[in-house]
Amino acid sequence: ERTGKVLGEFARCYKEQYGVALFNSVRYEIEGNGGPQAQLLHRKVPLEDHVIYSGNLFQYIEENKKWRNRFCVVPHNYGLVLYENKLAYDRELPPRVLVNSAGYKVLTSVDQYLELVSSSLPGVTPKSGNSPILKCPTDFPLILWHPYARHYYFCVMTGKEQEKWGAVFQDCVRHCNNGISEDSKVEAPAFTDAVRMYRQAKEQYGTWEMLCGNQTQVLSNLVMEELLPELRTAIGPRLKGKAQERQRTWIQISDAVYRMVYEQTKAQYDAMVAKCEQERPQMESTIRTDMDQIITSKEHLSSKIRAFVLPKAEICVRNHVQPYISSILEALMTPTSQGFAEVREVFFKEVTDMNMNIVNEGGLEKLVEYMEKLSHLAFHPVKMQSCYEKMDQLKLEGLQQRFDVSSTSVFKQRAQIHMRQQMDDAVYTFETLLHQELGKLQGKDDLCKSIQRILERVLKKYDYDSSTVRKKFFREALLQITIPFLLKKLAPTCKGELAKFQELIFEDFASFILVENTYEEVVLQSVMKDIMQAVKEAAVQRKHNLYRDSMVMHNSDPNLHLLGEGIPIDWGEEHGGQPEAEPAADKRRRAKQVVSVIQDDEGALPYEVGAEALMPPSSPEPQEPEPEVPPVSPDGVAKIREMLAKESIEEPASGQAEERLTNGDKAHRATPASPAPGAEVPSGDKAHRATPASPAPGAEVSSLPAGTDCHQPSDKETGEEVAPPVACSPPQPVGTTESVEGVQTEF
């Protein structure tokens, strides 16, 4: 009922904003833009057919309260894909779990997690001395926490591993949070504006931390934001058992409700979008026919609203915003510019090291090897971590409370995404220019000189583009902070008077001109001049290496952008002597190893000992390895193996798992790569469902096309997909479950 109510109100907002966004898109298409041209090339498909990272870690399985070894693969879409083990992945068996990490927080401390769990259910605090809700067998946990969905618990054996996996998980969260594609010039702005209008109608201004993930995830968060407090009030006092059990039960209830909300939200949102798309051709025809009249009508409306609103807005800006703009800008500029400077430094160091190695070790053969690694530098979570962590310094302190900024994470993640994009643009431009030069070079000395010359050329382009990107980011962040504050301040005196302006809009154009949107544009204009001036002054003073607006590089390389339109460069195939025809299985295996960009030469860790359980829940405190030291102690390994042996005797399931792994028949294999439209469900495990009220999605894994590859989750994978048991079994009816170990879901 609550989902239907929220989505009904949102549908009205979305329909209104869709017409406005369509008009703005067509107008932009006709009038064009005069923004500065980027100097660096942009790679269209950065990570096609590549894997970000793969490796072993331990996962806590809530159904049987055991820690189990899992082989985790992070494909190009940044989903976390967990397999039974490496063998299951190599044999292309279906994964156990797929996790879309949008909205999650990565925690590296059990204490952090327990604090968040306690705050989610106020009044329920375990007594001192009682065992907490989660025990980690090592000192190096990795926990994915979500305010509504299920939580995921992992651990590794060393501090260095924890740092690596933490960087990988953070990259996944960062990427999945940015789930609304900017390529959509109508649907994306219509959706984000509709969410903002919906929240403002309920007097919720300012940034919203849960505006993350794809559209269905965002709407599910919108519903849960209203629904969860009521559920907590109604259900919380009725929970039975010890504090830990009540906390665990509440997490499961929240997760089950979130999955039900997600399923209903997806169906209703898809219907909403389909209806707007059906009306789009007629609306677009009207816009193109009457464009001049619509613009004239809108300008007339703007002038009337401006005369009414602007004097009040300017006073508010002068008294409450203008004195703080420079402070906000400085707080944003320092960490952001340090991060972009670090991107430049990392790129310079990687290319310089490559050049020195080519001098010492050999020519073209070594170049191919290094260029294949360099081409994925922007997507190397560990090497990029030194850039990303600069944004951790971002603090707005008192400004955050004054301007109702709930969290700075929105700005941090946006800047980090810009950093990754600029790094990839620099790398792609470098390899494109170097590839063009290869045929003209004579010997190793020429190659090294050419690399140095191209590096200097790319760095100049990077400095210009990074300045442009940062100035745009600063302007957008300042608007994002100040506009909601102004709207909230002006609402008591202005918002009630807006209805009288509706009569100024012709009925035929009412779908493309909204009084509310025009009012916000006027408020934006009232502060935009001060923001532009502040950013311009920072550039004139050469603060943080920003270029002045007057410094414009007009198409300095006319042929460079033509090179960027060519076929993507494959260094291995062109210069590495790879055969042209290659079986699909071999290609998959080779690609997996080429793009394992975080493998290092540490000693082997005890993951490949067939671990089914690292620590039974009832066991005493385990022997923990010393921080930062691989667990090679004979006593520690012996203890783990002893527990593994005991576990394998107690659980015949391990033998069944081995039997399942021998069955690689593709006719029975399900794939997470292309789930059916109804296959996306929110987080949680079927074992958590108390009733069949929230059935499994319509597309059970057994109904997916046979023979499809299962190692790459869909780019549009947004919710949990039910991962099938490894054994090939008959299709299960919707709403049923198999063994709790055989079925897991993810979000």
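**Reading the model, step by step**

Reply: Let us begin with Glu92, which lies in the loop between helix H2 (86–90) and E4. Helices (H or I, at least four residues) and strands (E, at least two) are DSSP runs, numbered from the N terminus. This is a predicted model: local features need pLDDT of at least 70, side-chain atom pairs count only at pLDDT 80 or more, and totals for chains, interfaces and linings use all residues. Residues are numbered from 1 along each chain as its sequence is written, while side-chain values use heavy atoms, leaving out hydrogens and water.

Me: Is Glu92 buried or exposed?

Reply: Buried means under 20% relative accessible area, exposed over 50%, and partly exposed in between (1.4 Å probe, protein chains only). Glu92 has a relative accessible area of 11%, so this residue is buried. Its phi is positive, about 60 degrees, although Glu92 is not a glycine. Lys65 also has a positive phi, near 55 degrees, in a residue other than glycine. Lys65 sits in the loop between E1 and E2, and its 34% relative accessibility makes it partly exposed.

Me: And where is Tyr78 found?

Reply: Tyr78 is in the loop between E2 and E3. With 1% relative accessibility, Tyr78 counts as buried. From Tyr78 to Val173 you count 95 residues in sequence, yet their C-alpha atoms are 8.1 Å apart in space.

Me: Now the strands. In what order do they stand in the sheet?

Reply: Strands of a sheet pair through backbone hydrogen bonds, either parallel or antiparallel. For pairing, DSSP must find at least two bridges between two strands. Here, an open sheet of seven strands runs E4-E3-E2-E1-E7-E6-E5, with antiparallel pairing. Strand E4 (97–99) and strand E5 (105–107) are at the edges, each with a single partner strand, so one side of each has no neighbour in the sheet. From one strand to the next, the twist averages 30 degrees; such angles run from 0 to 180 degrees between N-to-C directions, with axes as lines fitted to C-alpha atoms, for helices over the stretch in contact. Look at E1 and strand E7 (residues 152–155), which pair antiparallel over two bridges. Gln59 stands opposite Phe154 in E7.

Me: Which strands does helix H3 touch?

Reply: Contact means heavy atoms within 4.5 Å. Helix H3 (residues 110–120) packs on the sheet and touches E5, strand E6 (141–145) and E7; its direction makes about 25 degrees with that of E6.

Me: At what angle do H9 and H12 pack?

Reply: Helix H9 (residues 364–374) and H12 pack at about 155 degrees, and their axes are 10 Å apart. Angles under 35 degrees count as roughly parallel, over 145 as roughly antiparallel, 65 to 115 as roughly perpendicular and the rest as oblique. H9 and H12 are therefore roughly antiparallel to each other. The contact is made by Leu367, Met371 and Leu374 of H9 with Val427, Phe430, Glu431 and Leu434 of H12.

Me: Which residues of H10 are buried?

Reply: In helix H10 (residues 381–388), Pro381, Met384, Cys387 and Tyr388 are buried. Down the axis of H10, the buried residues fall within an arc of 100 degrees, so they line one face of the helix. That arc is taken from the directions from the helix axis to the C-beta atoms. These buried residues pack against strand E1 (51–61), helix H4 (159–177), helix H8 (291–361) and helix H12 (409–437).

Me: How many helices and strands does the protein have?

Reply: There are 19 helices and seven strands, and 52% of the 747 residues count as buried.
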